Amino acid sequence: VGSETDRQFTASALSGATGLYDGGLVEWLTGNNAGKSIEVELFTTGGIVGLAHPAPFAVQVGDTFRIRRDCPKTFAACKDYGQH
């Protein structure tokens, strides 16, 4: 995590197109939120992650996390995953 607000943080090492992680899940690996998961509301190019709900504790610069995409259940998403 590079910078943060109540429901948004920047992960400069995270890349991808806008919307890539929308509806996905962030799982905190370190920091006060370790073990907690929060749904991703939006993702934008440049590594900006917007959370659907505030983290239980303040996200700190240096916290680490795992992020995963979720399936929006559209034909285009199935093609993207190679399932058609």
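Buried means under 20% relative accessible area, exposed means over 50%, and partly exposed lies in between, using a 1.4 Å probe and protein chains only. This is a predicted model, where local features need pLDDT of at least 70 and side-chain atom pairs count only at pLDDT 80 or more, while totals for chains, interfaces and linings use all residues. Residues are numbered from 1 along each chain as its sequence is written, and side-chain values use heavy atoms, with hydrogens and water left out.

Q: Why is Trp28 called buried?
A: Trp28 has 1% relative accessibility, and the cut-off is under 20%, so Trp28 counts as buried. Phe9 also comes out at 1%, so Phe9 gets the label buried too.

Q: What makes Phe9 and Trp28 an aromatic pair, and which kind is it?
A: Rings of Phe, Tyr and Trp (for Trp, the six-membered ring) pair if their centres lie within 6.5 Å; planes under 30 degrees apart count as stacked, over 60 as edge-to-face, and the rest as tilted. By this rule there are four aromatic pairs. For Phe9 and Trp28, the centres are 5.2 Å apart and the planes sit at 55 degrees, which makes the pair tilted. Phe9 lies in strand β2 and Trp28 in strand β3, so the pair ties together parts that are 19 residues apart in sequence.

Q: Why is the pair of Trp28 and Phe65 called edge-to-face?
A: The ring centres of Trp28 and Phe65 are 5.6 Å apart and the planes are at 65 degrees, so the pair is edge-to-face. This one links distant parts of the chain, with Trp28 in strand β3 and Phe65 in strand β6, 37 residues apart. Both Trp28 and Phe65 are buried, and Phe9, Trp28 and Phe65 form one aromatic cluster.

Q: What makes the largest nonpolar core a core, and which residues have the most contacts inside it?
A: A nonpolar core is a set of buried Ala, Val, Leu, Ile, Met, Phe, Trp, Tyr and Cys residues joined through side-chain atoms within 4.5 Å. The largest has 15 residues, and those with the most contacts inside it are Phe9, Leu14, Val26, Trp28, Val49, Phe65 and Ile67. Two or more residues come from each of β3, β4, β5 and β6 (65-68), and β4 gives the most, with three.

Q: How do you know that β3 and β4 pair?
A: Helices (H or I, at least four residues) and strands (E, at least two) are DSSP runs, numbered from the N terminus. Two strands pair if DSSP finds at least two bridges between them. β3 (residues 25-28) and β4 (residues 37-44) have three bridges, so they pair, in the antiparallel sense. Val26 stands opposite Ile38 in β4.

Q: How many bridges join β4 to β5?
A: Four bridges join β4 to β5 (residues 48-51), and the two run antiparallel. Val40 has Leu51 as its bridge partner in β5, and Thr44 stands opposite Ile48. β4 and β5 form a hairpin with three residues between them, and Gly46 in the turn has a positive phi of about 105 degrees. β5 also pairs with β2 (residues 8-10) over three bridges, again antiparallel, with Phe9 partnered by Val49.

Q: Where is confidence lowest, and where is it highest?
A: pLDDT is the predictor's confidence in each residue, from 0 to 100. The lowest is in strand β1 (residues 3-4), at a mean of 62, and the highest is in β3, at 96. For the protein chain the mean is 85, and 86% of its residues reach 70 or more. Where pLDDT is low, the predicted coordinates should not be read in detail.
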